[in-house]
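Me: I'd like to learn how to read helix packing, sheets and cores in a model. Please walk me through one, a feature at a time.

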Amino acid sequence: MTSRRDEPTTEGPRSPSRRAVLATMGALPLLAVAVPSSRATAATAAAVSVDPSARRQTIRGFGGMNHPAWAGDLTAAQRDTAFGNGTGQLGFSVLRIHIDENQANWGAEVATAQRAAALGAIVFASPWNPPASMVETFTHGSQTDAKRLRHDSYGAYAQHLNAFYQFMKSNGVDLYAVSVQNEPDYAQDWTWWTSSEIVTFLRNNAGSIGTRVIAPESFQYVKSMSDPILNDATALANLDILGAHLYGTPFANFPYPLFQQKGQGKELWMTEVYYPNSTDSADLWPAALGVGEHMHHAMVDAEFQAYVWWYIRRSYGPMREDGQISKRGAVMAHFSKFVRPGYVRVDAAANPQSNVYTSAYAGGSNVVIVAVNKGTGAVSQQFTLANTTASSVSSWVTDGSRTLAALSGPTLANGTLTATLPASSITTFVVTVGSSSGADTQAPSAPGTPTATGITATSVTLSWTASTDNTGVAGYDVVRVSGGTESAAASATTNQATVTGLTAGTAYTFAVYARDAAGNRSSRSSTVTVTTSTGSSAGGCGVGYQVTGSWTGGFQGEITIRNTGSAALTGWTLAFTFTAGQTITQMWGGTPAQSGGAVTVTPVDYTTSIPAGGSVTVGFLADQGGTNPAPTSFTLNGGTCTSV
């Protein structure tokens, strides 16, 4: 019997429970239970500027998991509570379901998925195990009966995932995506995958799946599980959504610079979590408010586009066992009921005063502001709408005594609203907005596709065909596009701008908006991708290569990379070619990507910088055939290296 992943079971697995693992790792977040105070602060903090024109990631939605085999199916009424958006409902717009290894069990997923889809939610699915016929056992650390997908079954496994997609489609549910594997790096109770195995599957097999593909769904958003995907162009081409779980992941690890650099056109989802634990009642307050802070960091720091809870109905979940929403659920609903699919997160100060966390989202004629006050006293906070006009505002609050309670006000004057955030509370404001000038509502035409010139290691000059406007174009905003997000790169009053502060040897994607004097903004131009020059020339590097051990069918190797230049080298890409079919299976000190014999290696955190005259060493394991010749040449950031 497969156990529930987070709760004790008498049949339980031989491996530790999730709770025990998290406690051992010191990963369970600790919440200080504060005593609320009714006193408001006398001073008002600086106003939070909310700019609907400064767009970040597009939101796909918020939701949770339904797992009939482990937790029982939702009832008809509970489905409406989860995915409806009326009074007393959660407004979830994402449902995650289970891909059972046995096709005979697939029908259990249909009823809830059908109702969620009918209420407008997107549905995606994750597997825990392949069919038994595709699995073999092996030794993984101290686990002697670990499971993995047989390497000769990758094609059959892709067909299995596609068959589930087709089954659900035939039952009226067009799955938005399927995952390759749930938590491949925490698999005592299911199937283990290495990062290189996931890359191989994505490269060679994922393209045959009829819907979007998610990977790797790492247990703690471990970047070493997903870095190899981002660094392999072929694997990345077959990935649609980079999925992650956040069990015990510190907020400092939420940002993912490599995804922002290489995830152009991909989505970034948080596909499973419960927070802060699975032991407390979901109605314990103010502990439940921690969910709001967690969601804030997931949206703002990590820039996730979806946030998905574990079991929808559970004592610690968004819906109690009696089918009513809990305090944790109400906190989630402050996002899910108002920040609807297709809304875009926009710029706003994330932490305007101590213990206050704010984020903002724009969609249609609404700007939604979610404010979490974890402090023990009420505070006054102003919000000012930039580049638009605000005509009305509504608000809702959840605190120790109220749950999604509608409020009167707050006051709105000249685009600024002033609100009191109660002690230990979460408040959502929905502001109705319009054009920044009643006389001019026509936006400029989209600028032409930018072209790049003057490319250096740290800068690029972009130019584009000018926009037109009924009252005249006032300026242009150049944005860097990365995954589903945008960030400001440069501004100009003419149709040319230079972007600076770039990293050598790195690909960037840019686009341009035009704006007029009234603040109307054009649609976005088409994008252009530019790779900065390497900043490294021939003779600036030396590489030593050696085989340190070998056995039938495999070997261990070591590569030493020396910076022979006069300046420190930060960030690098090493390239070489194996000529006899050697295949890297594991690496430390670097992250490999291999296409045929061509290999590229990028650094990990502790090897990123090579000082002038210094070196780093990368070790690896590889498979080989009958011969094992060494690579004949190496390049570093495009420059040919000498042998050392």
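Reply: Let's begin with handedness: a crossing is left-handed if the near helix is turned anticlockwise from the far one by less than a right angle, and right-handed if clockwise. Helices (H or I, at least four residues) and strands (E, at least two) are DSSP runs, numbered from the N terminus. Bear in mind that this is a predicted model, where local features need pLDDT of at least 70 and side-chain atom pairs count only at pLDDT 80 or more, while totals for chains, interfaces and linings use all residues. Residues are numbered from 1 along each chain as its sequence is written, and side-chain values use heavy atoms, with hydrogens and water left out.

Me: How do H6 and H7 cross, left-handed or right-handed?

Reply: H6 passes H7 in a right-handed crossing. The axes of H6 (residues 195-204) and H7 (residues 223-230) come within 9 Å and cross at roughly 35°. Axes here are lines fitted to C-alpha atoms, for helices over the stretch in contact, and angles run from 0 to 180 degrees between N-to-C directions. From H6, Ser195, Ile198, Val199 and Leu202 meet Ser224, Met225, Pro228 and Ile229 of H7; contact means heavy atoms within 4.5 Å. Sorted by class, that gives six nonpolar, two polar and no charged residues. (Ala, Val, Leu, Ile, Met, Phe, Trp, Tyr, Cys and Pro count as nonpolar, Asp, Glu, Lys and Arg as charged, and the others, Gly among them, as polar.)

Me: At what angle do H10 and H11 pack?

Reply: H10 (residues 290-300) and H11 (residues 327-336) sit at an angle of about 35°, with axes 8 Å apart, and their crossing is right-handed. Val291, Gly292, Met295 and His296 of H10 touch Arg328, Val331, Met332 and Phe335 of H11. The class count is five nonpolar, two polar and one charged.

Me: Now cores. Which residues have the most contacts inside the largest one?

Reply: In soluble globular proteins, nonpolar side chains tend to be buried together. A nonpolar core is a set of buried Ala, Val, Leu, Ile, Met, Phe, Trp, Tyr and Cys residues joined through side-chain atoms within 4.5 Å. Buried means under 20% relative accessible area, exposed over 50%, partly exposed in between (1.4 Å probe, protein chains only). The largest core has 102 residues, and Leu175, Phe201, Leu202, Phe304, Tyr307 and Trp310 have the most contacts inside it. Helix H5 (residues 154-170) supplies the largest share, seven residues. A second, separate core has 23 residues, including Cys541 and Phe576.

Me: And sheets: in what order do the five strands of the open sheet run?

Reply: Strands of a sheet pair through backbone hydrogen bonds, either parallel or antiparallel. Here the order is S34-S38-S31-S30-S41, with mixed pairing. S34 (583-588) and S41 (642-643) are the edges, each with a single partner strand, so one side of each lacks a neighbour in the sheet. S34 pairs antiparallel with S38 (residues 615-623) over five bridges (a pair needs at least two DSSP bridges). Met587 stands opposite Phe620 in S38.

Me: What about S10: how many of its residues are buried?

Reply: Six of the seven residues in S10 (residues 212-218) are buried. S10 runs parallel to S8 (residues 177-179), with three bridges, and parallel to S11 (residues 241-245), with four bridges. Ile214 of S10 stands opposite Ser179, and its bridge partner in S11 is Ile241.
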